[in-house]
Amino acid sequence: MKTTGEIVKKYRELKNISMEEMGNSLDVSASFINALEKNRKKPSEKFLERFYKEFFISEEDKNIIENYENIRKTPEPILEQLKELEKEVKKLKTKDQSNMSISQLETGEAVDMIQVPVYDSVSAGSGLEPNPEPVDVLLLPKSVAEGCVIINVWGDSMEPSIKNGYAVMVKKEVEVANNDIGIFIHEGEALVKRYKCFDGHCFLYSDNTNYPPREVRKNDDFKVCGKVIWIMEKA
């Protein structure tokens, strides 16, 4: 797959103009065009809009640029962790060649990306008031992130599994089986805990044994928000 820089260079050479001339027409410096063509700079949305208009860019090349820039917006540490997540996903389902793979990010092939909201309102401790508004978004491959949110975790009750300041990817509205880690609302508090049921009673357990389990009684205000499918160091 071509890069943004390669496409910029292609259209500059088609017009047979210098980097300085192209820079003048797009209100940037020649050094910026040089860095852009070498993929050392990332173009702004404003620059791309002007570039598309001034150089009559084809829809095919626009799509290539948009896909390439979307991939570049995903932080490298997240890409590395996504590769590990992909290995786990492949263990759980039959490989379908029509599905896009995270490994395509390495080869530059087209990857369907989606915005995943990041929330800052779950506690591995005494509980926090749930906050319905996301604090950020991450651009991640749809193949693994569809139907998911990312939540920052505060507190030490889930250590060593989930450390204070880590984040979790949560698959919304799926069953949290016995001994799975999930996100719950219990008596108005947002919690990340391990769900365990036995002898007709259900509890929210902490992996840190310094915290006692919380029993979920029949008439409690209780909601299962989703299952934790991925633990990451930072969102």
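These are my notebook entries on one predicted protein model.

**Ground rules.** I work from a predicted model, where local features need pLDDT of at least 70, side-chain atom pairs count only at pLDDT 80 or more, and totals for chains, interfaces and linings use all residues. I number residues from 1 along each chain as its sequence is written, and side-chain values use heavy atoms, with hydrogens and water left out.

**Entry 1: overview.** I looked up the secondary structure and found 8 helices and 9 strands. Helices (H or I, at least four residues) and strands (E, at least two) are DSSP runs, numbered from the N terminus. Next I checked burial: 42% of the 235 residues count as buried. Buried means under 20% relative accessible area, exposed over 50%, and partly exposed in between (1.4 Å probe, protein chains only). The protein exposes about 13400 Å², and carbon and sulfur atoms supply 47% of that area. Areas come from the Shrake-Rupley method with a 1.4 Å probe.

I also looked at contacts, meaning heavy atoms within 4.5 Å. Among those between residues at least 6 apart in sequence, 62% join residues at least 24 apart.

**Entry 2: the cores.** I searched for nonpolar cores. Such a core is a set of buried Ala, Val, Leu, Ile, Met, Phe, Trp, Tyr and Cys residues joined through side-chain atoms within 4.5 Å. The largest has 16 residues, and M22, F47, F51 and F55 have the most contacts inside it. Two or more residues each come from α1 (4–14), α2 (19–26), α3 (30–37), α4 (45–55) and α5 (59–72). Helix α4 gives the largest share, 5 residues.

I then picked out F51. Leaving aside neighbours within four places in sequence, F51 is in contact with I7, V8, Y11, M22, L26, F56, I57 and I65. Another core lies apart from the largest one; it has 13 residues, among them V149, I162, I183 and V228.

**Entry 3: α1 and α3.** I compared axes, which are lines fitted to C-alpha atoms, for helices over the stretch in contact; angles run from 0 to 180 degrees between N-to-C directions. The axes of α1 and α3 come within 7 Å and cross at roughly 125°. The two helices are therefore oblique to each other.

G5, E6, V8, K9 and R12 of α1 make the contact with I33, L36 and E37 of α3. I sorted these residues into 3 nonpolar, 1 polar and 4 charged. Ala, Val, Leu, Ile, Met, Phe, Trp, Tyr, Cys and Pro count as nonpolar, Asp, Glu, Lys and Arg as charged, and the others, Gly among them, as polar.

**Entry 4: E37.** Is E37 buried or exposed? E37 sits in helix α3 and counts as buried, at 11% relative accessibility. Not counting residues up to four places away in sequence, E37 touches G5, E6, V8, K9, R12 and M19.

**Entry 5: α2 with its partners.** I took α3 as one partner. The axes of α2 and α3 come within 7 Å and cross at roughly 105°, which makes α2 roughly perpendicular to α3. M19, E20, M22 and G23 in α2 meet A30, I33, N34 and E37 in α3. That contact has 4 nonpolar, 2 polar and 2 charged residues.

I then turned to α4. The axes of α2 and α4 come within 10 Å and cross at roughly 110°, so α2 is roughly perpendicular to α4. Here M22, S25 and L26 in α2 meet F47, R50, F51, E54 and F55 in α4. By class I noted 5 nonpolar, 1 polar and 2 charged residues.

Note on methods:
Angles under 35 degrees count as roughly parallel, over 145 as roughly antiparallel, 65 to 115 as roughly perpendicular and the rest as oblique.
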